[in-house]
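Hi,

Here is the structure I promised to pass on to you. Please open it first, and then read my notes below alongside it.

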Amino acid sequence: MVYPVIYFFSSEYCSPCKMVERMLKEINISLFGNKLIIEKVDIVSDLEMAKRYAVNKVPTIIVGSQRISQIIDREELVDVILQGFLSSVNLP
Amino acid sequence: MNRILLEEILKRMKINLENKKDIGHLKVGALYAIGSQLEAIFYFIGHELGSKLIETSESEAEDLPKLLADVAEKYELGVFNVKEADDDHIVFSLGNCKSSEDIASADIKSETMFCSFEAGLFAGLVEKMTKKHCFAQEQACKVQGAVDECEFIIVIPKD
């Protein structure tokens, strides 16, 4: 069973990214006990990753087969994280 | 995520606890309802259950450690022993902790901790009681072999 990493695509000068980053940290601590594995990707310095995941806008969060971009709501983000985990489970 | 299934499992967990029945198999079912990334997911499930387990009227109570001990006893979550308590944190051990009990008794030793479900559960309970976003962390697990009872800390943010 492969556990998907949460990819958080952002850029230094994107102010919504900072808000989403705070939200992601808060969700991780309050709902997931700070145990989520989150990888922050700067789309300017890591263009290869942005291309590989076809990210052309920020903030974008990708979890397994799930993705969410730009206007990111807390509840929606929690659902995307949980659905992303579900997408990694292969039921017999 | 199958949210309907998860809600059903949480409901059944609550019923089982009220009837003093085991919920171990239901945790596995909940895992399938959500997906994986075990520690985070078990914390999430514990947190959701903790926030549904008690009524909001209990939120006005002041003696948090005693309330938690009462809830632990009522639902047979384990033997709750408070080691340190302040306005901003509670340190406690949990004897017969459900997540580690069977594994530890089978002489299995592990570097990782097994009880993020209980950490989330007590965080959810304290959150419901205080109406503040709390964070709990297992500090030592019986499965690691160094302690006889699992130990946790709950951090309560100040106003």
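This is a predicted model: local features need pLDDT of at least 70, side-chain atom pairs count only at pLDDT 80 or more; totals for chains, interfaces and linings use all residues.

Let me begin with chain B as a whole. Six helices and four strands make up its elements, and from the N terminus they follow the order α-α-α-α-β-β-α-α-β-β. Chain B has 159 residues, 41% of them buried. Of its contacts with a separation of 6 or more, 58% join residues 24 or more positions apart.

Now to the helix pairs. Helix 4 (residues 64–74) of chain B packs against helix 6 (residues 116–130) of chain B at about 125°, and their axes are 11 Å apart. That angle makes helix 4 of chain B oblique to helix 6 of chain B. The crossing of these two helices is right-handed. On the helix 4 side, the contact is made by B:Leu64, B:Leu67, B:Leu68 and B:Val71, while helix 6 brings B:Phe122, B:Leu125, B:Val126 and B:Met129. By class, this contact has eight nonpolar residues, with no polar and no charged ones.

Helix 6 of chain B also meets helix 3 (residues 38–53) of chain B: their axes come within 6 Å and cross at roughly 35°. This crossing is right-handed too. Among the residues that meet here are B:Phe42, B:Gly46 and B:Gly50 in helix 3 of chain B, and B:Gly120, B:Phe122 and B:Glu127 in helix 6 of chain B. The residues of this contact divide into 12 nonpolar, seven polar and five charged.

Which residues have the most contacts inside the largest nonpolar core? They are B:Phe122 and B:Ile154, in a core of 68 residues. Leaving aside neighbours within four places in sequence, B:Phe122 is in contact with B:Gly50, B:Leu68, B:Ala136, B:Phe152 and B:Ile154.

Is B:Asn16 buried or partly exposed? B:Asn16 counts as partly exposed because it has 16 C-beta neighbours inside 10 Å, and a buried residue needs 20 or more. Not counting residues up to four places away in sequence, B:Asn16 touches B:Lys21, B:Asp22, B:Ile23 and B:Leu26. B:Asn16 and B:Tyr75 are 59 residues apart in sequence, and their C-alpha atoms are 8.9 Å apart in space.

Best wishes

Definitions and conventions:
Residues are numbered from 1 along each chain as its sequence is written. Chains are lettered from A and ligands numbered from 1 in the order in which they are written. A nonpolar core is a set of buried Ala, Val, Leu, Ile, Met, Phe, Trp, Tyr and Cys residues joined through C-beta atoms within 7 Å. A residue is buried if 20 or more other C-beta atoms lie within 10 Å of its own, exposed if 12 or fewer, and partly exposed in between; C-beta atoms are placed from the backbone. Two residues are in contact if their C-beta atoms, placed from the backbone, lie within 7 Å. Axes are lines fitted to C-alpha atoms, for helices over the stretch in contact, and angles run from 0 to 180 degrees between N-to-C directions. Angles under 35 degrees count as roughly parallel, over 145 as roughly antiparallel, 65 to 115 as roughly perpendicular and the rest as oblique. A crossing is left-handed if the near helix is turned anticlockwise from the far one by less than a right angle, and right-handed if clockwise. Ala, Val, Leu, Ile, Met, Phe, Trp, Tyr, Cys and Pro count as nonpolar, Asp, Glu, Lys and Arg as charged, and the others, Gly among them, as polar.
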